[in-house]
Amino acid sequence: MKLLLVEDKDILRKTMAETLRKSGYTVDETGDGNEGLWFLRENKYAVVVLDLGLPSRDGLELLSELRTRDKETSVLVVTARDSIDEKVQGLREGADDYMVKPFALEELVARVQVLTRRSFGIHKSAIEIGGLVIDTLKRTASAGETPIKLTAMEFSILELLALKRRQVVSRADIWEQLYDFDTDADSNVVEVLIARLRKKMTEANLPKLIHTRRGSGYILDTES
Amino acid sequence: MPSFRSLKSRIAWATCLALFVVLGLGGIVIHSVVTRRLRNQFDHGLADKLRYFEATCFVKSSTGIVALGMLNDDWEALQDPADPDYFQFDHANGKSIYQSRNLLGKGLHSLAPLPSAVGETTHGFVDLPGGRTGRFTATLFYPPIKDRGQLSGEKSSTLVRVTVAHDATMLTAASSELGTVLGVVGCVMGLVILGVAWVATRTGLRPLDALGAQIDATSVGEFEKFTIDRLPNELVPVVTRLNALMERSGTTLRHEREFTSNVAHELRTPLAVMRTQLESILRNDNLPFASEEKVREALGTEGELERAVENLLWLARLDRGLDNFQSETVEVGRFMRKCWTPFLDAADAKGLQVEWNLRKAPTLACSPDLLRILLRNLYENAVAYTPSSGRVSITGTNSGEPPSICVTNTCSGMRKQDLDALFARADRRPSMENVDTGLVQPARLGIGLALSRRVASILGGELTASLTATNQVEFRLQLTQNQPFNN
């Protein structure tokens, strides 16, 4: 799942990005408001983690511009400003959640996970489909009680398909959610990862759940 | 004078009073003048008759008898039963000489005032036969002497008083009717003028009402300008000045908010860096145990700093009134338990016994944000300063007015004279030694309780500390200005 992190304090941004990456997210990061806006125009993100006190362009302004053309991307505001008026203003501008600095990294990850799920209309942390259980909190997958050992990338694809279950997800979308802006990976990697996932699911005695839609992409469903 | 609070009532009252005085006095004066004129006219007629009697009266020289030389028709006309005149002739000593037939021999009595000198004419009211009221005119004169049918041209020595009276029922009725007409006209005029004045007042004060409504609708912390359009000239300078003050206050408040916001940013961002860095280090599975311990200690210190910064920022904002707190219905008992949740682990780690007495906790209309700040500091204080295995008692009650919240904890070494210092701002609280265990509670920056006391005053209450008989410290919040919804 791909996130955009906009935070001007370098050291803080790097720690936050590192933590989120370790939690399985793909993170584009910037410390500049204008650059943040450019990222938002060029890419699609599941969640934007946004600091309000930014150089060159205020975070609220950026949020406001985002909301004029995109009402779906979840925004988590992370700021040192905690007065009631400022919180209310942030939420009115279209923030989905508000977190005051300093915060625990664990809380940051938990809130991002909740927003990610919510952006796909899913409220429980565990998603079950055809005997396959995907726990988005623990980042684990299992066939009933039997755990399925997955790499971070494999889990990310499975999570994305599960969050968009019964919807066709294009290869480009998967690729975009897996890799950050600076990565120059081969797009064939998606097909390789899907093939590996199918194999592991078959080994776990699960029915065929990942189906290919020629020319469109992949779908996670119990029916082909 | 009744104390009317609104301008409209005051103006209406003043108008009523002015109308009552002006119309009342005006009516009385008109009535008095017209009545006097009518009476004068009436008396004038009587005086003419009196002069006629005087001119026809004479004394016979041969007999000394007082007689009247009047035509018979005149005589009868004067005593016409349809519109009779009553008259009588008396000697100056009151002895009757002659009286008209219609006086039925009883004469005119209680005449006052009577003339006291020759030629003087007096007027007054008199009771006539049949119980009617009449007016009389009287005068004193010396009739001429008549000798052998001829007036001699000499006055007699007999002083005669002639009195003429006439029924004055018409006069009193006219006066009474005039009074009634004036009263009715006065009342109608009063009502009309009052109505017009009321409408004019309402219309005239409408801009003031609109301005009042605008001011009333402006909540604390809002600095919207008031509209000047259609305001009367008298109010324009007031509103212009008010708008200037609002603008200045708004600018000041905005600057203060920005300043506090920037301070918060400058203080919290480095804290966030510290915390995330330390947590990031702790996430390393290969971290040596000794290093992990040091990092945890550093994280603990960062936490203390975090709370101190938070309390300082709250205190700054509350002192300057930078936040607008909305009141909500708060079930205090449930809320007090919920606010304890973050302290559960620390209380368990110290083996604290926590007693809850919340059955009589009230439901209040107050800001949950403020109540949370207050409780958090009281709880934090209780957990920090209660010795291990000590007791913390948390009570919310409405049994005795006003509603109160109490947090009591065992605390060794606290003296009565030190209690007030607990609420001093940035007072460096001394290290406290537990006499039982010998453990020393580290010194802390005492800002939390100062903040709690400030919050208590905003909530309309007072936060006090006292020592109980069992040497426990009791923090009591009494919400004197906050009425509970129920028990």
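In α1(B), the residues D43(B), L46(B), L50(B) and F53(B) are buried, a residue being called buried if 20 or more other C-beta atoms lie within 10 Å of its own, exposed if 12 or fewer, and partly exposed in between, with C-beta atoms placed from the backbone. This is a predicted model, in which local features need pLDDT of at least 70 and side-chain atom pairs count only at pLDDT 80 or more, while totals for chains, interfaces and linings use all residues. Residues are numbered from 1 along each chain as its sequence is written, and chains are lettered from A and ligands numbered from 1 in the order in which they are written.

Helix α1 of chain B runs over residues 7-56, and its 50 residues reach 73 Å from the first C-alpha to the last, close to the 74 Å expected at 1.5 Å a residue; the expected span is 1.5 Å times one less than the number of residues. Helices (H or I, at least four residues) and strands (E, at least two) are DSSP runs, numbered from the N terminus. An α-helix has 3.6 residues a turn, so residues three or four places apart point the same way. The cover over the buried residues of α1(B) includes β1 (57-60), β3 (85-91), β5, β6 (133-141) and β9 (160-167) of chain B.

## Chain A as a whole

The secondary structure of chain A comprises 8 helices and 11 strands, and 40% of its 224 residues are buried. Of the contacts in chain A between residues at least 6 apart in sequence, 58% join residues at least 24 apart, where a contact means that two C-beta atoms, placed from the backbone, lie within 7 Å.

## Cis peptide bonds

In chain A, the peptide bond from K101(A) to P102(A) is cis, with omega near -10 degrees, and P102(A) lies in the loop between β5 (97-100) and α5 (105-119). In chain B, the bond from A112(B) to P113(B) is cis with omega near 0 degrees, and P113(B) belongs to the loop between β4 (96-99) and β5 (121-127).
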